[in-house]
Amino acid sequence: MNTSLRVMFWVMTAATCFGVIFCAYQIESPLAVRWPVEEIAIWGSLAALFFAVGLFFVMPQSPNGRKGLLIAFGLAGFTVWTSFQTLQQTRFLYRRLDLAVTIETDNQETQEVTSMVVGGTLFLPVNRYELPVALLMPDGSEDAFARNVFVAKALARRGVAAVAYGRSAVTEPGLLSPVDLTSRGEDVIYVLDLLEKVNEIYMRRAGVVGFYENEWVVPFTLQKTNRLNYGVLLAPTGISPEERAVAFLDRELRSEGFGAEQVEVARGLVRDLAENLRTGDIGSARSDLILRWDAAAKEPWFAAAGFPAEPPQAGTTGAVAATMGFDAAALWKDARVPIRIVAGSEDPQSLPETLRERFTQYFESNERGDWTLDVVSGANHRMLLGADTYSTDATWPPGFFDNLANWITETTRPQEAGADR
């Protein structure tokens with residue numbers, strides 16, 4: 001019996017120690033997006049100590065038994081040291097706070113009132129005050145929240161408070177509404193309200209960080225609040241929701257077997273709808289659009305395209321009205337905060353030349369805002385090297401989180417009294 005117990009405790013001690021050491025050095029690898037390696041490194045080290053104590057009671061009281069016991073305690077001690085030393089090497093420890101607020105939404109398009117929770121997890125560097133804070137915005141990728149939690153931890157270790165948040169209920173994106181700008185913009189304001197209550201945060205150092213379609217949400221939100229002091233766009237495409245819808249429409253309808261003529265009619269409706277929503281015209285152009293829309297509703301391709309029964313009108317609530325009426329040039333023209341754009345050199349969707357051209361146009365007449373473009377060598381659309389999934393085959397670009405945290409810290413650093421005199 002004692003032999004079996006000794007073998008079991010030895011195996012459990014060795015396996016636990018190996019697992020802890022492995023996880024301790026994966027804390028900032030893409031694998032940590034999918035697995036709680038940080039928690040495993042901490043709690044696993046305590047489990048290793050527990051198994052070592054178990055060996056103390058089952059090892060024989062002989063010279064060889066005592067030597068084996070010393071080896072077991074040495075292995076467990078090295079495991080604990082490795083785990084916590086690795087955590088300390090990430091510069092700052094942090095604590096976590098759960099944030100949540102319940103809201104009700106009245107959608108005029110669907111005539112529904114829904115109740116949902118907006119909130120997430122805030123990671124705060126310990127023993128630090130007047131902290132800058134980053135709101136990590138959700139996006140359409142399936143692992144967006146897990147990735148944002150990982151990024152929030154990485155920023156918190158570098159002295160930047162960060163919150164990963166989302167809604168308890170998410171509306172499925174449509175062809176004409178890839179993102180609900182209104183609700184997503186409101187979510188930022190709700191989270192800002194929650195952060196106001198955290199003493200360690202200096203709200204004049206608050207900003208937003210978002211992947212992909214958040215390149216539309218950020219300028220939209222900047223028009224709704226003056227409490228944001230910077231914005232970071234990760235892997236944006238530089239195209240508008242209208243351009244995205246037109247491109248996807250061509251692909252979707254052709255895959256359903258519809259011809260070029262039907263595709264062109266559908267694309268024309270999308271372009272005219274977007275123009276009508278941007279201008280707010282209620283005259284002859286609007287009337288003509290309604291007539292063409294009604295005629296198209298009788299065609300087989302209309303349902304396949306996912307168009308709403310009636311063309312939304314400017315000034316109404318709803319995802320389609322806000323998103324298709326998105327005017328990037330007008331919104332970015334009024335932006336008054338620093339914007340950092342980060343794109344990967346190996347990202348086929350975020351082309352640096354397109355981003356430079358578009359944002360140069362957007363900020364051409366903006367006298368107070370400024371923007372910079374950072375092209376990360378070798379990075380793909382997920383800002384990874386080596387693979388496009390969060391696995392052991394992928395790595396983050398060297399210095400990616402250091403550069404992001406340093407930019408946020410320096411951009412939001414309070415000016416010295418009298419510095420501008």
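Contact here means heavy atoms within 4.5 Å. The exercises below concern a predicted model.

**Exercise 1.** Determine how helices α8 and α9 are oriented to each other, and which residues form their contact.

Solution.
- Step 1. α8 covers residues 241-255 and α9 covers residues 260-279; they pack at an angle of about 160 degrees, and their axes are 10 Å apart.
- Step 2. Angles over 145 degrees count as roughly antiparallel, so α8 is roughly antiparallel to α9.
- Step 3. The crossing in which α8 passes α9 is right-handed.
- Step 4. From α8, the contact takes Glu-242, Ala-245, Val-246, Leu-249, Asp-250, Leu-253 and Arg-254. These meet Ala-260, Val-263, Ala-266, Arg-267, Val-270, Arg-271, Ala-274 and Arg-278 of α9.
- Step 5. Sorted by class, the residues of the contact of α8 with α9 give 9 nonpolar, no polar and 6 charged.

**Exercise 2.** Describe the packing of α9 with α10 and classify the residues involved.

Solution.
- Step 1. Helix α10 spans residues 284-296, and α9 packs with α10 at an angle of about 145 degrees, with 11 Å between their axes.
- Step 2. α9 passes α10 in a left-handed crossing.
- Step 3. α9 contributes Gly-268, Leu-269, Asp-272, Leu-273 and Asn-276, while α10 contributes Arg-286, Leu-289, Arg-292, Trp-293 and Ala-296.
- Step 4. The classes in the contact of α9 with α10 are 5 nonpolar, 2 polar and 3 charged.

**Exercise 3.** Find the relative orientation of α5 and α15 and the class of each contact residue.

Solution.
- Step 1. The axes of α5 (residues 144-156) and α15 (residues 400-411) come within 9 Å, crossing at roughly 65 degrees.
- Step 2. Angles of 65 to 115 degrees count as roughly perpendicular, and α5 and α15 are therefore roughly perpendicular to each other.
- Step 3. Their crossing is right-handed.
- Step 4. Phe-150, Val-151, Ala-154 and Leu-155 in α5 meet Phe-401, Leu-404 and Ala-405 in α15.
- Step 5. The contact of α5 with α15 holds 7 nonpolar, no polar and no charged residues.

**Exercise 4.** Locate the largest cavity, and state its volume and lining.

Solution.
- Step 1. Searching the whole structure gives 1 cavity of 30 Å³ or more.
- Step 2. The largest cavity holds about 50 Å³ of space.
- Step 3. Its lining consists of Glu-215, Trp-216, Gly-238, Ile-239, Ser-240, Phe-326, Ala-328, Trp-332, Phe-359 and Tyr-362.
- Step 4. Two or more lining residues come from each of α7 (214-222), α13 (328-333) and α14 (352-362).
- Step 5. The lining of the largest cavity divides into 7 nonpolar, 2 polar and 1 charged.

Key:
Residues are numbered from 1 along each chain as its sequence is written. This is a predicted model: local features need pLDDT of at least 70, side-chain atom pairs count only at pLDDT 80 or more; totals for chains, interfaces and linings use all residues. Side-chain values use heavy atoms; hydrogens and water are left out. Axes are lines fitted to C-alpha atoms, for helices over the stretch in contact, and angles run from 0 to 180 degrees between N-to-C directions. Helices (H or I, at least four residues) and strands (E, at least two) are DSSP runs, numbered from the N terminus. Angles under 35 degrees count as roughly parallel, over 145 as roughly antiparallel, 65 to 115 as roughly perpendicular and the rest as oblique. A crossing is left-handed if the near helix is turned anticlockwise from the far one by less than a right angle, and right-handed if clockwise. Ala, Val, Leu, Ile, Met, Phe, Trp, Tyr, Cys and Pro count as nonpolar, Asp, Glu, Lys and Arg as charged, and the others, Gly among them, as polar. On a 1 Å grid over the protein atoms alone, a cavity is a set of points where a 1.4 Å probe fits but cannot get out, and a pocket is an open set with protein on both sides within 12 Å along at least five of seven lines; lining residues have an atom within 4 Å of a point. Grid points are joined across faces, edges and corners, and a volume is the space filled by probe spheres set on the points.
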